[in-house]
Amino acid sequence: MATGILPKEIAIYAVPLVTLLLGLLIGYLAQRSGYCSIGGFRDYFLFRHTRILSGYLSLIVFSFLGYLLFWFLTPAAMEHFFWALSSDPFSPVPGAPAGLVPAAYLIFAAVPGFFVGFICVLLGGCPIRQTVMASEGSYKGGFFFIGMCIGSIFFAAYVSGWAVLLMKSLGFGA
Amino acid sequence: MIPPQPIGPIRHYTSMLIRHPAFLGALIGILAAFSQALLISAGGPEAYGFCVACHTRDLVNGMTNIIADTNLALAPISKNAILPVMSVVGVLIGAFLSAKVNREHKIKRDTTRAYLVYFLGGFLVLQLAMLFGGCPYRAALRTGYGDGTALVFIITMALGVVAGTLLMLKRAEREET
């Protein structure tokens, strides 16, 4: 069990507050800069513009540097850093539906990845861009966000169970 | 018409910096690592500092669990804490404040058909993102954390963007002729 800077008794109260402040800052700056991951790839492919893409690339680089920094400062909080060295490089960090072999998670990364990119570029923005546009007063972004909210209940109630069942019937059960 | 006020070089560079996406990307990366260092005792998973899809899921399912006494799945960090993660609420409020302060807030209506398309789009994107276990942002954080599957996600996402862009170009050409 990983332990962070705050002990568990305080951390459970700090979670909503810290994430709220983090979100406020990110939301403010995302509105100022037009931050978007999908838009970055799209603009690079269409016009060879790198401005928006640089945001996504710097996120990858600086998240590595940030994790590296806090791995030096608080090693107990970064239990499995660097993931590829401490475990199988193609097994996922937990978060997807559990109980499958690593090959199943590669499928879960490749297929949804393609369709997330495809759908989001047709709708003109990744989830954070739609959320920011909803805050700017766009009804379309608002409906995208409502769709995500209804979808999260639907996913927990049905889809995650179906997906695990499907993969297990295909022989990917762990 | 008020003539634009001359601004000092420090303010000029600060304003340029906060309007550049690369600065925000660096900030999210560092802050996500910091929030994991701070809060990981409350529960996993790792590399979970910022994610739009997962944090929406945690917020909606967590609040539904509290209000309607259901038992929908959510990340341990939100299950153990008194309230689920609130970063999406923060993004909504922060972007609203920024749009108001900079006079960019403008109500934009559209057709019912567009609303339906965007609703379905949001619905589908969430299902797909949750199968992978994160939206593009958590994919970037996981890649930084050393997870190969997240890199696969980013590569196929870029391919999906190329396919979608080609489709849009083709559709635009057909409309011109």
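Colleague: Helices here are DSSP runs of H or I with at least four residues, strands are runs of E with at least two, and both are numbered from the N terminus. In what order do the elements of chain A run?

Modeller: From the N terminus on, the order is α-α-α-α-α-α-α. That is seven helices and zero strands in chain A. This is a predicted model, where local features need pLDDT of at least 70 and side-chain atom pairs count only at pLDDT 80 or more, while totals for chains, interfaces and linings use all residues. Residues are numbered from 1 along each chain as its sequence is written, and chains are lettered from A and ligands numbered from 1 in the order in which they are written.

Colleague: What box do the C-alpha atoms of chain A fill?

Modeller: Roughly 45 × 40 × 35 Å, along the principal axes. Of its 174 residues, 52% count as buried, meaning 20 or more other C-beta atoms, placed from the backbone, lie within 10 Å of the residue's own.

Colleague: At what angle do H6(A) and H7(A) pack?

Modeller: About 125°, with the axes 7 Å apart, for residues 127-135 and 139-169. Axes are lines fitted to C-alpha atoms, for helices over the stretch in contact, and angles run from 0 to 180 degrees between N-to-C directions. H6(A) and H7(A) are therefore oblique to each other, oblique being whatever is left after under 35 degrees (roughly parallel), over 145 (roughly antiparallel) and 65 to 115 (roughly perpendicular).

Colleague: Which residues meet there?

Modeller: A:Pro127, A:Gln130, A:Thr131, A:Met133 and A:Ala134 in H6(A) meet A:Gly141, A:Gly142, A:Phe144, A:Phe145 and A:Met148 in H7(A). Contact means C-beta atoms, placed from the backbone, within 7 Å.

Colleague: Switching to the interface. How many residues of chain B are in contact with chain A?

Modeller: 112 of chain B, against 114 residues of chain A.

Colleague: Which element gives the most on the chain B side?

Modeller: H2(B), with 18 residues. Other elements giving two or more include helix H5 (87-101) and helix H8 (148-176) of chain B.

Notes. Contact = placed C-beta atoms within 7 Å. Buried ≥ 20, exposed ≤ 12 C-beta atoms within 10 Å, placed from the backbone.
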